[in-house]
Amino acid sequence: MIRNMTSEEERIATNIRKGVLEFCVLAVLARREAYGLELAQELMARHLTASEGSLYPLLARLRAAGLVETRWDTPDAGRPRRYYTITEAGSQQLRNFSHVWSTIVPQVGAVLQEDS
Amino acid sequence: MNTLPTTARRYLGELEAALTGVPAAQRAAILDDIRAHIADATEDGRNIDDTLAGLGAPATVAQEARDELGLARGAEPATAAARTLTWGAVALALLTSAFVAFILPTSLEFADQGSPGQPLTTETLLGQFGVGAAFLTLIPAALAVLPLVVPKQIRVLTAWIAAVATTVLVVVTGVDLGGFYAPVALMLWAAALVPAWIRRGGKVATAHAWRVVGAAAMLLPAVLVLGGLVTGTLQDPTPAFWIVAIVVLALGVLFALRVRFVDSLVALCGLVLMGIGVLDAGILILAFWWAGGIWFVAGFAALAARAPLGLARAAARMPGEK
């Protein structure tokens with residue numbers, strides 16, 4: 001599915017990603033807690049964000065909104081790490097999104113097929 | 001984190017500076033996360049330049065942080081304050097030029113005897129020396145506009161240069177007409193200092209100190225006049241004089257106390273004072289012009305500095321670390 005996009009396609013993709021990135025972050029965290037780089041790498045690998053730097057302002061907002069929280073993991077050897085975990089409010093928000101998404105995607109697909 | 005390479009430390013420094021207006025808790029969290037991101041990526045064997053490129057420019061990350069947290073959209077706070085104040089300086093410089101070239105008599109010698117306050121010559125600069133000299137009065141405006149037109153990278157430096165150059169010009173030509181540009185120089189210093197203060201985190205204590213300095217400068221003329229009363233230089237004050245003196249003192253104190261709406265009122269009073277200087281001050285023209293200039297710049301600078309702080313306070317507070 002991923003090929004080199006034209007600049008117009010890139011612009012469309014950027015706009016769509018912007019709307020869904022926070023829910024993708026919640027979805028990843030719903031499976032397992034993760035620290036910053038893990039999250040960034042997963043989102044990059046899935047081409048869900050073009051810039052790793054966007055993740056951290058987003059996490060700051062999700063945390064301020066109480067959708068995620070953090071805990072410090074202090075291993076015996078090595079640096080302490082801040083792990084992000086999803087909260088109950090975050091899970092609820094993810095269910096809301098999941099419901100909306102599952103109604104939008106088939107409709108978009110259908111309307112595109114009718115069009116062509 | 002001294003283990004980080006120089007490029008990474010420079011990136012974090014720029015990011016910290018660019019995150020102005022973001023509440024302290026969020027700013028610290030973002031910086032911590034990105035510092036850890038860089039350290040983790042380096043441990044994984046990723047090239048440091050690739051890691052930094054992948055994060056995006058510090059200014060972009062900072063703007064995203066402001067967008068996410070519902071803070072100032074558009075211009076970054078320090079830049080916005082710099083722009084506002086520099087435009088203020090340009091407007092003030094143009095106003096001064098118009099006044100100096102078209103209204104003010106070139107000679108400020110007044111008859112000692114006879115009718116005081118009556119200038120010996122009523123010829124203006126334009127009338128006496130022609131259009132060329134009138135253009136010379138625009139030099140401070142040209143200096144003031146410089147920081148707005150140079151490339152982005154040297155804008156901050158140019159703001160300081162414009163402030164210094166205009167100050168030198170005022171001092172060198174002060175005995176002639178240059179003295180009238182002192183408020184412009186003052187505004188250009190504000191245009192350099194206020195953004196520098198915002199970039200350094202906009203510390204409230206520093207702001208209070210500057211306010212007290214501003215209030216002291218504002219009250220200086222009033223204190224001098226009252227001193228004149230005490231020593232008998234000035235005699236038989238009218239009731240109107242007392243009302244004005246009390247209002248002035250009250251405004252100065254309220255300004256120092258950072259009471260809302262006082263900033264605009266102070267700036268407005270400054271303009272009125274300068275106007276009185278132009279229209280009706282006789283030999284006190286420069287005194288009124290300077291006093292008004294100090295009030296206008298103090299009020300205007302306080303307004304420009306207040307905006308980003310207000311936005312930062314309005315932001316959602318961050319829940320504590322679990």
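A: Across the interface of chain B and chain A, 13 residue pairs are in polar contact, both residues at pLDDT 80 or more. A polar contact is a pair of N or O atoms within 3.5 Å; within protein, one must be able to donate a hydrogen and the other to accept it, and residues adjacent in sequence count only if both atoms are side-chain atoms. On the side of chain B that touches chain A, the elements giving two or more residues are α2 (24–43), α3 (48–55) and α4 (58–68) of chain B. Helices here are DSSP runs (H or I, at least four residues), numbered from the N terminus. α2(B) gives the most to this side, with twelve residues. By class, the side of chain B that touches chain A has twelve nonpolar, five polar and eleven charged residues. Nonpolar means Ala, Val, Leu, Ile, Met, Phe, Trp, Tyr, Cys and Pro; charged means Asp, Glu, Lys and Arg; the others, Gly among them, are polar.

The model is predicted: local features need pLDDT of at least 70, side-chain atom pairs count only at pLDDT 80 or more, and totals for chains, interfaces and linings use all residues. Residues are numbered from 1 along each chain as its sequence is written, chains are lettered from A in the order in which they are written, and side-chain values use heavy atoms, without hydrogens and water.

Next, the charged pairs. Seven salt bridges are counted between chain B and chain A. Each needs a side-chain nitrogen of Lys or Arg within 4 Å of a carboxyl oxygen of Asp or Glu. B:Asp32 and A:Arg82 form a salt bridge through their side chains, at 3.6 Å, N to O.

Then the extent. 28 residues of chain B contact 24 residues of chain A, with heavy atoms within 4.5 Å. About 2300 Å² is buried between the chains, 49% of it from carbon and sulfur atoms. Buried area is the accessible area (1.4 Å probe) lost on being put together, summed over both parts.

Notes: Buried area is the accessible area (1.4 Å probe) that two parts lose on being put together, summed over both.
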